[in-house]
Amino acid sequence: MKAKQYHAEKPRTSIKKQLHEYRGVYLLGLPGIVILFLFSYMPMRGLLMAFQDYNPHIGILGSQWVGLTHFKNLFQDPKFYKMLRNTLVISGLNLLTFPVPIFLAMIINEVRNAKFKKFVQTSIYLPHFLSWAIVASLTFFLLSTEQGVVNKISMMMGNEPTAYLFSDKWIYLIIVIQSLWKSVGWNSIVYLAAISGIDQSLYEAARMDGAGRFQCMMKITLPSIMPTVMVMLILRMGSIISVDFEQVFLMNNAMVKSRLEVFETYIFNNSIATGSTQYSYTTAIGMFKSVVNTILVVFTNWITNRKGYEGIV
């Protein structure tokens, strides 16, 4: 007869006992939880305005409920699909640059000269701290038709000046280059931190087997940081239906308005700029964006888990 095997079950700890045992940790986290609740969850009651004909004089509780009327008006708005297209094009082009900070971090990690490495890191981090107003001014300085450096060099070579800032053929490329230049260095910090946690014995073993730097990068570094890459991709998908308002607003003009009219500028032009009181309608637009972004995050997280990586949930 086979002897029965008994497995000792781990005793369950009550919630009350856990709270008492880790009370120091919970007390340390309490201020953050309170701030998160006050500034992230409490304001969410304002989403009720999307289902009301909101009147600020009588408040949310006294305003008339209109159901999904504002969402129907949004989907029937002639500009809705143009705004959606422009947003997806800008976000999609920016998404194509997602691998750039990954490979930048891998290249920086291979730099052996400490002083040169610090200089490079400082140089690529600096644009992140510049405001979009400064970035737009630099863009005008470089690309304006009459005073732009690029057009001056082009005219010295015998070519006609090009109106880059007023051309719907160039504006998307300019937006993407601006975003990449401003964010690529800062985004690479996360991947550099992930690379620093890789076991160095893996590289030593690879070098003993004759692997070069490029092979180590592709066979050790990249696979080791893939969990971090997937988490960052999931978070990036949460902003697909959103673009940087300040960047688009500063680069907008009458000639490229059809390409740069997005939800953010539409809300500004139809509420704040005109003094309109379409609180409920603009709230409905914001809620639509949030719902779509949340769906994309959940879907990307599901795909990530299916591929064997650990997502954010």
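This is a predicted model: local features need pLDDT of at least 70, side-chain atom pairs count only at pLDDT 80 or more; totals for chains, interfaces and linings use all residues.
## Helices α6 and α7

Helices here are DSSP runs of H or I with at least four residues, numbered from the N terminus. Helix α6 covers residues 99-110 and helix α7 residues 114-125; their axes lie 10 Å apart at an angle of about 155°. Axes are lines fitted to C-alpha atoms over the stretch in contact, and angles between N-to-C directions run from 0 to 180 degrees. The pair is therefore roughly antiparallel, a term for angles over 145 degrees, with under 35 as roughly parallel, 65 to 115 as roughly perpendicular and the rest as oblique.

Leu104, Ile108 and Asn109 of α6 meet Lys117, Val120, Gln121 and Ile124 of α7, where contact means heavy atoms within 4.5 Å. By class, this contact has four nonpolar, two polar and one charged residues. Ala, Val, Leu, Ile, Met, Phe, Trp, Tyr, Cys and Pro count as nonpolar, Asp, Glu, Lys and Arg as charged, and the others, Gly among them, as polar.

## Helices α5 and α10

The axes of helix α5 (residues 80-96) and helix α10 (residues 171-196) come within 9 Å and cross at roughly 45°. The two are therefore oblique to each other, and the crossing is right-handed. Asn86, Val89, Ile90, Leu93 and Asn94 of α5 touch Tyr172, Ile175, Val176 and Ser179 of α10.

## Helix α17

Helix α17 (residues 279-306) has 28 residues and spans 41 Å from first to last C-alpha, close to the 40 Å expected at 1.5 Å times one less than the number of residues. Glycine 308 follows α17 and has a positive phi, near 95°.

## Annotated spans

An unreviewed UniProt entry places "transmembrane region" at residues 21-42, 88-108, 129-150, 170-195 and 216-235. Residues 21-42 are 91% helix and 0% strand, with end C-alpha atoms 30 Å apart. Residues 88-108 are 90% helix and 0% strand, with end C-alpha atoms 31 Å apart. UniProt positions follow the numbering used here, feature names are shortened, and annotations may be inferred rather than shown by experiment.

## Basis

Residues are numbered from 1 along each chain as its sequence is written, and side-chain values use heavy atoms, leaving out hydrogens and water. Local features need pLDDT of at least 70 and side-chain atom pairs count only at pLDDT 80 or more, while totals for chains, interfaces and linings use all residues.

Terms used. A crossing is left-handed if the near helix is turned anticlockwise from the far one by less than a right angle, and right-handed if clockwise.
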